[in-house]
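Welcome! Take a look at it first, and then we can walk through a few places together.

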Amino acid sequence: MYTLLDKKQLDEIHLATLNVLERVGVVIYDDESFRLMGEAGCEVDQATRIVKIPKKVIDATVDKTPHSLVLGAREKERDLLIERGRVSSRPGSGYTKVLDIETGQSRNATMKDTTASARLVDALDNISFCATHLIPSDVPVTMADVHAVRTCLENTTKHLFFSPLTYETFRTIVGMAQIVRGGQNEFVKRPLVSFLAATSTPLKIGQDCARQIIACARSKVPVMLDSSPMLGTTGPVTLAGSLVLQNVEDLAMNAIVQLSSPNSPVIYGTRCAPVDMRTGGLSWGSAETALLSAAGVQIAHYYGMPSDAVGPCTDSKTHDEQVGFEKTLCSLFPALAGSEIVSGAGTMESLVGSSLAQLVIDDELYGMMFRALRGMIVDDETLATDLIAQVGHDASYIKYPHTLRYYEKEHYQPRLFDKSPRGRWQSAGHARIEQVAKKKADTILSKHEVPPLDRDIRKQLDNIVRQLDAHL
């Protein structure tokens, strides 16, 4: 297990967090959340909407936070237990741009792209669950998230993570998921969807965000607490300072969740990234992002909370060597730190957009990551001392049963990356990785079948979408 911060450093971040919570506080714009915090013993200022949260409230609400949770899927065998020692993966969520799989040009995402993304994730073995990866532009903007969830519910049997646009669309999406699951009671047992709740950094919790996390607590919808300080702009330029700010906001949101309904499932989001002061742009594919993600995982575990760490990020705009270096670094650090979820498959261009080919490539990256996390077994069989003595000095190990028995157990078998000699690679067309990924994506999209939703459920979902469309 990779550890970046020692116990003393974690204690210092915790104490600094309590200092900010008690001395500076957070602005909360929602009346019910404001009232809950006041009743719990926080110092509240009606005029400024500032809530100063004492240590006793943080301690009490952290104590009420579950250490594990279930992310339910349409098919029970695809349910995920999120707990320490298990690492899952998912795509990024909520991107509006896509690198066209045919032309290689960046454009606005469409419903066709959103559907294709969900079907790809359903078929890719190393991406544990789905997300509203792409937000379509060819539907009404006020309910694009609803349309994205609607098509994802039909095109994957895996759990679905979404990014809501408003409190109203959030409620609609949860209602649709409850219908698919078979009612609210069944949903609570195996929640089909989870979502992202984002603060307005620095130190503000907007009305929609607060209302969403209260509603999710009462319906037991798992929520990923998302504070995303951008180092040097919306957060301190120092890594430790932005970790403190992130921790303040995540713990404040968790306090609202647990005061609303104790033992509600939450996931601690680690989402810090530096700003490149030379360009003004975010640098998600950076060494600092990798460090911040790993440190964020440790902070989440300090409180006994599961974490969702941003992983395979890149600032590259195309499929090149930069993508490989940045995504590998940013994935391995939080994974080795033990993050329960490593998210971000398919992302490109500093989380502005995505690529369906990259989604396939990142599935392979996750496969290698999971193999690295398994480590190695050291016992009498794997040490192979008897075999070494039997083979001696001149023979080959290839003909022995031990080799056949352990080859696939010990060695990851890539399905996308080329491992063949140059001659074979050239005779096969010397394709670049994005060309191979495109071919695999095309094959999946032409052949992979997702079990359809029940016809009556599809009608109910369509009616909900139509009614909301007419209302908005």
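In which helix does Ser446 lie? Ser446 belongs to helix α17, which covers residues 433-447. Please keep in mind that this is a predicted model.

- Ser446 has a relative accessible area of 56%, and because over 50% counts as exposed, Ser446 is exposed.
- The side chain of Ser446 reaches a backbone atom, the oxygen of Thr443, at 3.0 Å.
- Between Ser446 and Thr314 there are 132 residues in sequence, and their C-alpha atoms are 29 Å apart in space.

**Ser331 in α11**

- Ser331 is part of helix α11, made of residues 321-336.
- Is Ser331 buried or exposed? Its relative accessible area is 1%, and since under 20% counts as buried, Ser331 is buried.
- Leaving aside residues up to four places away in sequence, Ser331 touches Gly311, Pro312, Val342, Leu365 and Met369.

**How α11 packs with α12**

- Two packed helices can be described by the angle between their axes and by the distance between those axes.
- For α11 and helix α12 (residues 356-374), the angle is about 40 degrees and the axes are 10 Å apart.
- On the α11 side, the contact is made by Val323, Lys327, Thr328, Ser331, Leu332, Ala335 and Leu336. On the α12 side, Gln358, Asp362, Leu365, Met369 and Leu373 take part.
- Sorted by class, the residues in the contact of α11 with α12 are seven nonpolar, three polar and two charged.

**How α6 packs with α8**

- Helix α6 (residues 167-181) and helix α8 (residues 207-219) pack at an angle of about 20 degrees, and their axes are 9 Å apart.
- How are α6 and α8 placed relative to each other, roughly parallel or roughly antiparallel? Angles under 35 degrees count as roughly parallel, so α6 and α8 are roughly parallel.
- The crossing of α6 and α8 is right-handed.
- From α6, Tyr167, Phe170 and Gln178 meet Asp208, Arg211, Gln212, Ala215, Cys216 and Ser219 of α8.
- The contact of α6 with α8 consists of four nonpolar, three polar and two charged residues.

Conventions. Residues are numbered from 1 along each chain as its sequence is written. This is a predicted model: local features need pLDDT of at least 70, side-chain atom pairs count only at pLDDT 80 or more; totals for chains, interfaces and linings use all residues. Side-chain values use heavy atoms; hydrogens and water are left out. Helices (H or I, at least four residues) and strands (E, at least two) are DSSP runs, numbered from the N terminus. Buried means under 20% relative accessible area, exposed over 50%, partly exposed in between (1.4 Å probe, protein chains only). A polar contact is a pair of N or O atoms within 3.5 Å; within protein, one must be able to donate a hydrogen and the other to accept it, and residues adjacent in sequence count only if both atoms are side-chain atoms. Axes are lines fitted to C-alpha atoms, for helices over the stretch in contact, and angles run from 0 to 180 degrees between N-to-C directions. Angles under 35 degrees count as roughly parallel, over 145 as roughly antiparallel, 65 to 115 as roughly perpendicular and the rest as oblique. A crossing is left-handed if the near helix is turned anticlockwise from the far one by less than a right angle, and right-handed if clockwise. Contact means heavy atoms within 4.5 Å. Ala, Val, Leu, Ile, Met, Phe, Trp, Tyr, Cys and Pro count as nonpolar, Asp, Glu, Lys and Arg as charged, and the others, Gly among them, as polar.
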